[in-house]
Amino acid sequence: MAKADYYEVLGVSRDADAEEIGKAYKKLARQYHPDRNIGDPEAEAKFKMVVEAHEVLIDEQKRQIYDRYGHAGLENSGGGGPGFGPSATFADLVDGLFSAFMGGGGRSRGPRGPQRGSDLRMPIDITLLEAAQGIRKSVKVKRLETCLECMGKGSTSGKKQQCTRCKGRGEIIQRQGFFEFRQTCSTCNGSGETISDPCKACSGVGRVQVERSVTANVPPGADTGLRLLLGGEGDAGDPGAPRGDLELVVRVQEHEMFVREGKDLYLPDFPITFSQAALGATVEVPTLTGKVSLTIPAGTQSHTEFRIRGEGMPELRVNRHGSPIESTKKGDLVLRCTVEVPTQLTKRQEELLRELAEIEHKQVSPTRKSFLDKIKGIFHSDQS
Ligand SMILES: [Zn+2]
Ligand SMILES: [Zn+2]
């Protein structure tokens, strides 16, 4: 498959300056960033391509090579093709440039060894209750598995031939004037071997995509964004090479009643009646797993907050390797009460409230009195 043109990848013209390239890169990298496109392999591939294009075009030397020789030129300088990016070492780069400019002398890389499987990343959705208690949960993951028909060899007979194009070296050496280029052999993809009777089940690839169930341990206190690494649960690699890893990113669903803030849980509108607020009462408060009782003092105002210790979420810390550490500490449950004004009164309730109103007319409460005095003061100052 032909590789996309780096200028087209970034959407810039061939004479774009560093600033234009940087701008285009930032925009596209944000758009396709894996954190924004969890579980989207297409976005991930685009992101990798954008990073790769930027890395080449922003580097004057690499860009010159690319402009002159295209992708093939960069494969010889340690860039481009498989193994490009962070895995291409500085030594590879120097080595490649040396052979490109000095006409050989660089060390031969030989056939490509067995490749490790790719790492995978996908979301795992849990409820707030599951986050509070922790859960063993299985998720379905689409990944590459070794083809059982050919045991990963890709050939029906199990036999492979030495690649005739590169004679088993895995790379092609081309000379252009003073330059010598080493290019990964496209016939055998650098393995140095070809298959004459490809396996029908995997079309000679040696691996097939299947859906597998994987079990993850979500620790108590897990919050959105927590990463769980499952070693060796990614794509299968070449025969003899290790599997990739699977990273699950936790997403906690919103709860219909509780609002989570770190390790505390909030109950934003807990209704109490006017008489409960005025006289005080013991009320039952729901928690994630049951209920607790709370004493509301007499004279509680609307929007007063009450904190119930230890009824929030368990604390979860992460060690320096990113692994979760459970602790016995728990957050609080904070509730904010709302005093409800009755909308439908029985005859008896209305009678009592009217009686109360009469008393209030005669006997103005101290806070209301000072409030009325203030209003009077304002009117007087306006008139003078
Ligand atoms: Zn097969
Ligand atoms: Zn070959």
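Modeller: Residues 24 or more positions apart account for 60% of the contacts with a separation of 6 or more in the protein chain; a contact means that two C-beta atoms, placed from the backbone, lie within 7 Å. This is a predicted model, in which local features need pLDDT of at least 70 and side-chain atom pairs count only at pLDDT 80 or more, while totals for chains, interfaces and linings use all residues. Residues are numbered from 1 along each chain as its sequence is written, and chains are lettered from A and ligands numbered from 1 in the order in which they are written.

Colleague: What makes β1 and β9 a pair?

Modeller: Two strands (DSSP runs of E, at least two residues) pair if DSSP finds at least two bridges between them. β1 and β9 (residues 246-252) have 7 bridges, in the parallel sense, so they meet the definition. One of these bridges joins M122 to L248 in β9.

Colleague: What makes the largest set of 18 residues a nonpolar core?

Modeller: A nonpolar core consists of buried Ala, Val, Leu, Ile, Met, Phe, Trp, Tyr and Cys residues joined through C-beta atoms within 7 Å; buried means 20 or more other C-beta atoms within 10 Å of the residue's own. I126, A131, A222 and V250 have the most contacts inside this core. β9 gives the most to it, with 4 residues.

Note on methods
Buried ≥ 20, exposed ≤ 12 C-beta atoms within 10 Å, placed from the backbone.
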